[in-house]
Amino acid sequence: MTRPSVALTAIAGLVLIFLQLPVIVVAISAFTETSYLTFPPQGFTLRWFAEVLTDPAWLSAIGFSLMLAGLATFASLVVGTAAAYAISRRMIPGSDAIASFLMAPLVFPAVVIGVALLQFYAVLGWRGNFGALVAAHVVLTSPYVVRACLSSLAGVGRDLEEAAGTLGAGGLTTFRLVTLPLLKPGLVAGGFFSFITSLDNVPVTIFLLGPGQTTLPVKIFTAIDQGGVDPGLAAISTILILVTGTALAIAERWVGFSRFV
């Protein structure tokens, strides 16, 4: 390895360590025995993890977040897959313009989208409606499915679909038995990123939640705003980091995400 390559590798490693330092500090601080957040931690205890996982308020927020993210991901997979297939196969005029339009939520600031949806829902009387909240998350998450499925479809020629049609398979049968299995990498990648995006969203969700509704990220945000950071918040953050990291590693090993970046 040449000297420039060694230097670039070292710099990249230092940057990576620097970016991960906040995560490491939060994770280690969650095990402190003190009632306030401190680093390095004083002692070792799992008390804060037990308190978070037995607190009804936290459990309710976790359950609500999982339900919201699950429904939004499912709807995004259905809508995004259909849109990606139609765009890829040029089944509709202006496919490139439509693809750019569907990617717009990735460009606009989330706060702008949240305020716009708040005003729109207020006019329609939908503010606080759970279905409207799911629809808002679908707007945010479907671009990931569209992009991932378009990447998968780019490597899938029409010859297999045409061969299935020649053998007597209808359009729906061909899509179900031929196209959909070939889309699996894109579906897994798009579904994963959609779920994480929905689960982690605050700027849009906080504007649209109704009375008695709260998601885990919003509860963390309000807890920090009202009482500051304590070991309990570090514990729930550590759990999220571990779950997300494990799921990402499994999905990367299963389908690989590098082709979709």
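Visitor: How many helices and how many strands does the protein have? After that, please look closely at helix α6: how do the axes of α3 and α6 cross, and what can be said about Ser151?

Guide: The model is predicted, so local features need pLDDT of at least 70 and side-chain atom pairs count only at pLDDT 80 or more, while totals for chains, interfaces and linings use all residues. Residues are numbered from 1 along each chain as its sequence is written, and side-chain values use heavy atoms, with hydrogens and water left out.

The protein has 12 helices and 0 strands (helices are DSSP runs of H or I with at least four residues, strands runs of E with at least two, numbered from the N terminus). Read from the N terminus, the order of elements is α-α-α-α-α-α-α-α-α-α-α-α. Of the 261 residues in the protein, 36% are buried (under 20% relative accessible area; exposed means over 50%, partly exposed in between, with a 1.4 Å probe and protein chains only). Contacts (heavy atoms within 4.5 Å) between residues at least 6 apart in sequence join residues at least 24 apart in 71% of cases.

Helix α6 covers residues 130-154, and Ser151 lies in it. Ser151 counts as partly exposed because its relative accessible area is 32%. A polar atom of the Ser151 side chain lies 3.1 Å from the backbone oxygen of Arg147. Pro185 is 34 residues from Ser151 along the chain, and the C-alpha atoms of Ser151 and Pro185 are separated by 9.4 Å.

The partner of α6 in the crossing is helix α3, residues 56-88. The axes of α3 and α6 (lines fitted to C-alpha atoms over the stretch in contact, with angles from 0 to 180 degrees between N-to-C directions) come within 6 Å and cross at roughly 45 degrees. The two helices are therefore oblique to each other (under 35 degrees is roughly parallel, over 145 roughly antiparallel, 65 to 115 roughly perpendicular, and the rest oblique).

Thr215 counts as buried because its relative accessible area is 2%. Leaving aside neighbours within four places in sequence, Thr215 is in contact with Ala61, Phe64, Ser65, Leu68, Asn201, Thr205 and Leu209.

Pro40 lies in another loop, between α1 (3-29) and α2 (47-54). Pro40 is exposed, at 56% relative accessibility. Its C-alpha atom is 6.7 Å from that of Ser29, 11 residues away along the chain.

Notes
A polar contact is a pair of N or O atoms within 3.5 Å; within protein, one must be able to donate a hydrogen and the other to accept it, and residues adjacent in sequence count only if both atoms are side-chain atoms.
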